[in-house]
Amino acid sequence: SGLQDRIATLARMESDPSLQSGAVQALAQFARTDEARSGVVNGQLLDVARGTAEPMIRANALAALLPKACDDSALAHVAEFLRTDRDGEVRRSAAEALGGAAVEARFVALGELEKAYRAESGPDVKRTILMSIVRAGRGDAAGALERISSADPSLTRDVMDYLEILRSGET
């Protein structure tokens, strides 16, 4: 719609971070109220995230995504933020978005999350990746968790706790 496009332009072009953030939230509202728009809105949100130097805006745009509506291309862009962004909050938002991927995209999301876990140095981001592996993988998360269980000794207990929960069927 015309209004949605104007808000997307504002979200991309505004120099005031608080106005830009408000535009990101307004844009996300379009997808939440009309699922048919969610793929287009996700594309617009990714354009905002790619086009700003402001970490808060990148994180907000990624957090505003409707991950279940992300196609493989959108998931690849989200994974790129997880792998390459220098800001921990942006990487956490990217991990959370991958964790919410649609069931049919879970293997792509799991693979990206597993690779990111091995490469990540920030403990908070790593914990978010762990939670996202469980969310994205559902029953398939156990294999990914087993493969990364020794990758970071400081989080081995967290990984084992998730495995225990998954194996007990409490999810």
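Which residues touch the most other members of the largest nonpolar core? In this predicted model, where local features need pLDDT of at least 70 and side-chain atom pairs count only at pLDDT 80 or more, totals for chains, interfaces and linings use all residues. Residues are numbered from 1 along each chain as its sequence is written, and side-chain values use heavy atoms, with hydrogens and water left out.

The protein chain contains ten helices and zero strands, where helices (H or I, at least four residues) and strands (E, at least two) are DSSP runs numbered from the N terminus. Its radius of gyration, taken over C-alpha atoms, is 16 Å, close to the 16 Å given for 171 residues by the globule rule, so the chain is as compact as a globular protein of that length; the rule itself is 2.2 Å times the number of residues to the power 0.38. Along the principal axes, the C-alpha trace spans about 50 × 30 × 25 Å.

Of the 171 residues, 47% count as buried, a class defined by under 20% relative accessible area, as against over 50% for exposed and values in between for partly exposed (1.4 Å probe, protein chains only). The largest nonpolar core has 54 residues, of which Leu62, Ile129, Ile133 and Leu145 touch the most other members; such a core is a set of buried Ala, Val, Leu, Ile, Met, Phe, Trp, Tyr and Cys residues joined through side-chain atoms within 4.5 Å. When residues up to four places away in sequence are not counted, Leu145 touches Leu130, Ile133, Val134, Val159, Tyr162, Leu163 and Leu166, a contact being heavy atoms within 4.5 Å. Among contacts with a separation of 6 or more, 59% are accounted for by residues 24 or more positions apart.

Leu62 belongs to the buried residues of helix H4 (residues 55–64), which also include Ile57, Arg58, Ala59, Ala61 and Ala64. The cover over these buried residues includes helix H2 (17–33), helix H3 (38–51), helix H5 (72–84) and helix H6 (88–99).

Two partly exposed residues complete the description. Arg138, found in the loop between helix H8 (123–137) and helix H9 (141–148), has a positive phi of about 50° although it is not a glycine, and its relative accessibility is 29%. Met160, for its part, lies in helix H10 (residues 156–168) and has a relative accessible area of 35%; Met160 and Lys68 are 92 residues apart in sequence and, C-alpha to C-alpha, 27 Å apart in space.
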